[in-house]
Amino acid sequence: MGNAMWLIARRSFTEGWLRLAATLLAALGSIALIAGSLQFALRAQEAVAGSDASEYFRADVLVQGGTVDPDDPYAPPDGRISLDRIASRPGVAAAAGDAAVAVTAARPGGRAITASAEGRTLLRPWVPDPRLNPYRLEAGRAPATDGEVAVVEHISRAGKVRVGDMMTLTLPRQTRRVRITGVVSVQGRGAVAAGDLVLAPPETVRRAAMLPADSWQGVWVKAAPGVPADRLRGELARELDGAATVRTAESVRRAQTAAAASEGASIAGVVGMLASVAIFVGLFVVANTFGTLVRQRTRRLALLGAIGATPRQIKRLIRLEALVMGAIAAAGGVTAGYPLSALITRLFARDGFDVSAAGAQFGWVALGVPVAAGILVTQLAAWRAARRAAGVSPVQALRSTATETRERRWPRLLAASAIFAGAGFWCAVAVAVRVGDPPGQDRTFAVSLMILFGAMMAMTGLAVLTPFFVGPLGGLVGRLGTLAGGETGRLAHATITRSPRRVSSAASSLMLGVALVASVALVTMSVHDRFREAGRQVMAAEHAITATARTAEGAPAPVARDVAARVTGTPGVSRAAALTQTEVKLVSPLPDRLEPGEEPEPFHFLVSGAEQSGLRDVLRLGGRPPALSPGEIALSSTVMKERGLRRGQQIVVRGAQGRVELRVAGAYHDPSHLFAEQALVAPTTMDRLDANAATRAVLVRGGSPEALARAVAGVPGVRVLDRDTYVKAASDSLTRPLRATYGFVGMALLLALFGMATTVSMSVAERTREFGLLGAVGATMRQIRSIVRWEAATVVALGTILGVVIAMGTLTLLHVTTGSSFLRPDPPWWLFPLVAAGAAVATLATSALPARRAAAVPILEAAKAE
């Protein structure tokens, strides 16, 4: 019988390929979404962590002035070192001075060039000595004079700039126009682990880093022939006697690789979370369409049972069809995943996360995992369908219509209870994370991830229970149909209540689409409303001067510090304050809750600097922090609570200039999280922490936009924004993860709608005989179309109600578990009618063609239909 079952399966494919095509396309779309998500995750990890290109690969030893932060391999040293002091040492064959200055590069039109992945764009010195120079010229020549630069290939490609083009560089204290003389690669890569590099003559970089003559942040050293790097490192360390940190270049490269790998894993985790939504949607859609396909062939399966096929053989038949379909869909889905990944890459690059430095991936993970996922998804989707097919009794072959058999209620109730218990487990984990972890973005992300898993399981549980809702809701729709259409409404009511599983399949796909759209809309509106409300509350200045470029996080890029001086004398301006920012690490005090021998987790936080005189003219911070003197710092109440600090306490932080002792002068809070989220200092204190701290914006009280624009007209790449526009621009960095989900949600929504359309179309096809018989007894084409539309109305009502319940429940849980005021279940009144209208349009649009087809079924075709 095994060979016979194979022949039957082959005949089913050849005769019913049109029916299978819809399910095959649904499976292919699902696998394409999975493959595209995985491909993007691999490219992101490759761009962030997979690049082993290092500018230090020709050096043997690195001598860095003062000390360096052991927890951050990219942090600049806090001291200075003389090049001559190193170059004259025995065992040194070559030496070159090194410094790094964070800059923003912009193409000729003024648009910023986003650095590779989560990296930065750094201004570094060109190394003239070929024994140490790691840069290979791919085009042009090396920079020779001030105003000339060479760039890595990623900048050239992402910014669409070539040799000879002009480019704008925004440095911490000024903005400059430079000419590109060369394009370089490093070890065959277009970027390095730290990000993108702009290479200038050494003296240009030394002045930009504000270094004294012949002083550098570090020195690259090439050992003489026959001198091991470890030995030279030890000799230099003894001779310098603590004046510098001496490390082998290999150890620095390993530290950078490890840091990049950790960051790459976190990026891949975020993308993997989005990919899990793709897998969930794919499984959901394929399960619905495959179940409809099996239900459509009830009579044929019953006939197989009547001629002797066992339930086991029928199960094997369904699984064999699913295997063939999964293999075909997997091959097509993997192929379609590459252009889909390119689309996702462009969407993320637009929001400041550019992974184009990494090419398409063709390893076994990129190819094998989607294929395996495709086969697994179709097999899982076919599991329940195969069980249902095996339970078809031979007597059903004699039925003339596609009436569903009455199923037992308790298996569905038990299954739904188990799924809801799983959802409750993830919610309990979210509560545990909320209680156990300190407040911050990491806790919010972890809690949100747990709630997402719980919401997906709850959605699955509701899908299992959906047939129970069809009867009452179908009765309500049927009564409305009877009032509106008389006999047509009664026929519609009969078809709806007779086949609840058919209606629930389409409704569950619509529920998924509505839940996706409504959840994203609710979260987005809540976050943006809160940012607008809190930003207006904190920002007292009417204007902000920012860069037209954006950082990798999507916020306005830094501007030069001299912009504040340009607008100070503008008519009508009463106050202009530069808002600077840098990151520091808390050195002491250490946390109280440390076990013996336990290493404390490094705690980094952002420090904002602003002129204290007249600060309240531009910012209204909660808690009213006192005017800070040099050597004082005000901390946010969240940081104070998390680290157990108190007013008047002395703390030690490590910044770009080394260790600095500060006194905690007070606590405050910034409800907007946009201006001084964690700490605040005076400008003189900021210079001690980081002399080249980035200027995020210049806040201006008074004056007109036109006068301010004239004052900064000579500065390329800056603009004047009003309060609301600046708040929106500044909040982009915090809402970027939200924006990044739009592409995934949009593709998942299309897949869900396609699944719903497929289910509706197949459900009409399975009732060919029924519609033909209705026509034979006198039903008009208009009445048959009306029956299909009333069934679609039930789908709209059920799918919309359940989808909105899922969306509101998810947002409410997020608000309760995270405690964030940015996630409030307070939607505007017009949102739900708009969602319902969209669901109705989508459903009616997808059911219009099946309705016309149903009305046009000839009587003779109905008589011979399966």
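Two strands pair if DSSP finds at least two bridges between them; strands (E, at least two residues) and helices (H or I, at least four) are DSSP runs, numbered from the N terminus. In this predicted model, local features need pLDDT of at least 70 and side-chain atom pairs count only at pLDDT 80 or more, while totals for chains, interfaces and linings use all residues. Residues are numbered from 1 along each chain as its sequence is written, and side-chain values use heavy atoms, with hydrogens and water left out.

Let's start with an open sheet of 4 strands, ordered S3-S13-S1-S14 with antiparallel pairing. Its edge strands, S3 (92–98) and S14 (244–248), each pair on one side only. S3 joins S13 (residues 218–223) in the antiparallel sense over 6 bridges, and Ala95 has Val221 in S13 as its bridge partner.

## Helix H11

Helix H11 (residues 409–436) has 28 residues. From first C-alpha to last, H11 reaches 41 Å, close to the 40 Å expected at 1.5 Å a residue (that is, 1.5 Å times one less than the number of residues). Buried residues (under 20% relative accessible area, with a 1.4 Å probe and protein chains only; exposed is over 50% and partly exposed in between) of H11 include Arg412, Ala416, Ile419 and Ala423.

## Around Thr170

Where does Thr170 lie? You will find Thr170 in strand S9 (residues 166–170). Thr170 is buried, with a relative accessible area of 13%. Leaving aside neighbours within four places in sequence, Thr170 is in contact (heavy atoms within 4.5 Å) with Ala102, Val103, Thr104, Thr175, Pro558, Val559 and Ala560.
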